[in-house]
Amino acid sequence: MTLLDSRLEAQLEEFKRDGVYKRLNHLDGPQGPRAKMEGRGEVIILSSNNYLGLCNEPEVVEAGKVGLERYGAGTASVRFICGTFTVHRELEASLARLVGTPASLSFVSCWSANEAVPGTLLGEEDLVLSDQLNHASIIDGVRLSKAIAKCQTGVYLHANMADLDAKLAAATDRRIKMVITDGVFSMEGAIAPLPDLVDICRKHGAVLVVDDSHATGVLGATGRGTAEHFGMVGQVDIITSTLGKALGGAAGGFVAGSGAVCDFLTQRARPQLFSNALPPTVAASTLASVRYLEAHPERVTRLRENARYFRDQLNGLGFKPLAGETPIVPVILGETADAIRMSEMLLEEGVFVTGFGYPVVPQGQARVRCQVSAAHTRADLDQALAAFSQVGRRLKLI
Ligand SMILES: Cc1ncc(COP(=O)(O)O)c(C=O)c1O
């Protein structure tokens with residue numbers, strides 16, 4: 001065993017002792033409101049980003065198969081060499097139309113998209129400010145931009161517009177000022193205060209970037225995201241989002257914005273220049289997901305109704321989930337080990353909900369996070385609620 005291995009083994013043992021070790025559960029069938037989990041049989045999935053239930057929607061799956069037949073399994077190249085297929089162009093046009101920007105550019109993940117944005121678009125005389133509770137991919141993208149673009153970076157207090165305003169006001173020497181926020185904060189389910197963000201960014205001439213990974217397909221009457229939720233489609237400068245959640249749930253991400261932003265990223269974004277393109281099968285199935293979403297806004301309505309029902313019923317049982325309007329319904333427990341224990345007990349009752357602790361969420365704010373889908377039936381949700389009730393009483397939480 002190398003020195004590195006023995007150090008890692010010791011740390012892994014510590015994770016197990018502290019009750020924070022993550023065990024991977026293997027699904028042996030498609031992702032859905034219920035799925036077959038190896039060793040457990042059928043469980044209710046209340047812990048996936050399959051918000052619209054499109055992972056296993058027949059039209060979406062069929063489009064992936066047709067894409068596989070037509071384009072083959074892989075791109076075998078990066079975009080600018082020979083990895084660009086006609087289906088990438090169609091997908092990017094459909095994503096831009098969906099979120100309301102002139103152009104979009106796909107990436108192999110939203111992680112890559114978030115890494116690309118500040119580090120590629122900014123330079124030495126510029127500044128990027130990031131919300132304190134932004135997703136890890138934004139945090140790392142901002143850190144990287146400091147090394148790559150040599151821009152100034154900063155963090156403003158979560159959703160605190162006075163702090164953001166003051167930090168932008170103090171940055172008089174900065175040429176481009178960029179503000180990055182999650183549209184929906186994934187651990188809280190809270191929605192960013194977009195009208196205020198747009199006002200403050202306009203006031204200071206700053207560029208606003210919104211990561212809509214948990215909002216695309218989820219927020220707004222037709223699932224166009226945070227901007228549609230606030231009646232502000234077309235007012236966000238740059239949107240990043242994932243293809244790995246509501247839009248079929250496979251993988252991939254995109255940046256949507258002006259033609260210049262997307263063209264510049266095509267020319268210079270390192271995750272785009274030095275990494276293979278999104279597989280054509282995924283581009284084809286995601287394109288079908290976007291078309292499905294456009295033709296079926298009732299899925300978004302159903303998602304909203306399911307989320308409201310589940311949140312109300314949890315409250316009725318005596319839990320105190322964080323208030324909100326999104327399908328992310330977190331129940332705060334405090335200690336990481338408690339969150340993991342509750343999720344294990346729920347799994348024993350046939351309900352899969354993940355427990356999250358530090359460092360994913362702040363110390364002392366560990367939680368189980370439920371994610372409701374449009375594909376859940378009332379029977380699925382009621383069965384999950386019965387399991388919550390049983391486990392909650394056993395743990396003396398209710
Ligand atoms: C807000 C946010 N941004 C980005 C990502 C990363 O997306 P992807 O899985 O496409 O890399 C996630 C995924 O968890 C997310 O929640």
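A residue counts as exposed when its relative accessible area is over 50%, as buried when that area is under 20%, and as partly exposed in between. Arg143 has 58% relative accessibility, so Arg143 counts as exposed. The model discussed here is predicted.

Arg143 pairs with Asp140 in a salt bridge, with 3.1 Å from N to O. Both residues belong to helix H5, which covers residues 136-148. They sit three residues apart, about one turn of the helix. Asp140 has a relative accessible area of 28%, so Asp140 is partly exposed.

## Salt bridges across the chain

Side chains of opposite charge can pair when their charged atoms come close. The structure holds 15 salt bridges.

| Pair | N to O distance |
|---|---|
| Asp140 and Arg143 | 3.1 Å |
| Glu57 and Arg299 | 2.8 Å |
| Arg394 and Glu349 | 3.4 Å |

What is the distance between the closest N and O atoms of Glu57 and Arg299? They are 2.8 Å apart, in a salt bridge. Glu57 lies in the loop between strand E2 (41-45) and helix H2 (58-71), and Arg299 lies in helix H12 (residues 297-317), so the pair ties together parts that are 242 residues apart in sequence. Glu57 is buried, and Arg299 is buried too.

Arg394 and Glu349 also meet through their side chains in a salt bridge, at 3.4 Å from N to O. This pair links distant parts of the chain, 45 residues apart. Arg394 is in helix H14 (residues 378-394). Glu349 is in the loop between helix H13 (336-348) and strand E11 (351-352). Relative accessibility is 44% for Arg394, so Arg394 counts as partly exposed. Glu349 has 29% and therefore counts as partly exposed.

Salt bridges also form a network. Its linked residues are Arg34, Glu42 and Asp380.

## The ligand site

How many residues surround the ligand? The shell has 13 residues, and the closest are Cys110, Asp211, His214, Thr242 and Lys245. By class, two residues of the shell are nonpolar, eight are polar and three are charged. Helix H4 (residues 110-121) gives the most to this shell, with three residues.

His214 has a polar side-chain atom 2.8 Å from an oxygen atom of the ligand. For Lys245, an N or O atom of the side chain is 2.9 Å from a ligand oxygen atom. Ser213 has a polar side-chain atom 3.3 Å from a nitrogen atom of the ligand. The ligand taken alone exposes 400 Å², and the protein buries 81% of that.

Which residues make the nonpolar surface patch of about 320 Å²? They are Leu4, Leu8, Leu12 and Phe15. Leu12 is part of helix H1, residues 3-17. Its relative accessibility is 34%, so Leu12 counts as partly exposed.

## An exposed loop residue

Phe274 is in the loop between helix H10 (270-273) and helix H11 (280-295). With a relative accessible area of 59%, Phe274 is exposed. Leu317 is 43 residues from Phe274 along the chain, and their C-alpha atoms are separated by 51 Å.

## Backbone exceptions

Most residues other than glycine have a negative phi, and most peptide bonds are trans.

Pro359 is in the loop between strand E12 (354-356) and strand E13 (366-371).

Where is Ala159 in the chain? Ala159 lies in the loop between strand E5 (152-156) and helix H6 (161-169). Ala159 has 31% relative accessibility and so counts as partly exposed.

Lys396, also not a glycine, has a positive phi of about 55°. Lys396 is in the segment after H14. Its relative accessible area is 71%, so Lys396 is exposed.

Note on methods. Residues numbered from 1 in each chain as written. Predicted model: local features only at pLDDT ≥ 70, side-chain atom pairs only at ≥ 80, totals over all residues. Heavy atoms only, no water. Patch = residues over 30% accessible without salt bridge, like charges linked within 9 Å, V, L, I, M, F, W, Y side chains within 5 Å. Areas by Shrake-Rupley, 256 points an atom, 1.4 Å probe, with all protein chains shown as cover. Salt bridge = Lys/Arg side-chain N within 4 Å of Asp/Glu carboxyl O. Helix = DSSP H or I, 4+ residues; strand = E, 2+ residues; numbered from the N terminus. Buried < 20%, exposed > 50% of the residue type's maximum accessible area, 1.4 Å probe, protein only. Near = heavy atom within 4 Å. Polar contact = N/O pair within 3.5 Å; in protein donor to acceptor, adjacent residues only side chain to side chain. Nonpolar A, V, L, I, M, F, W, Y, C, P; charged D, E, K, R; others polar.
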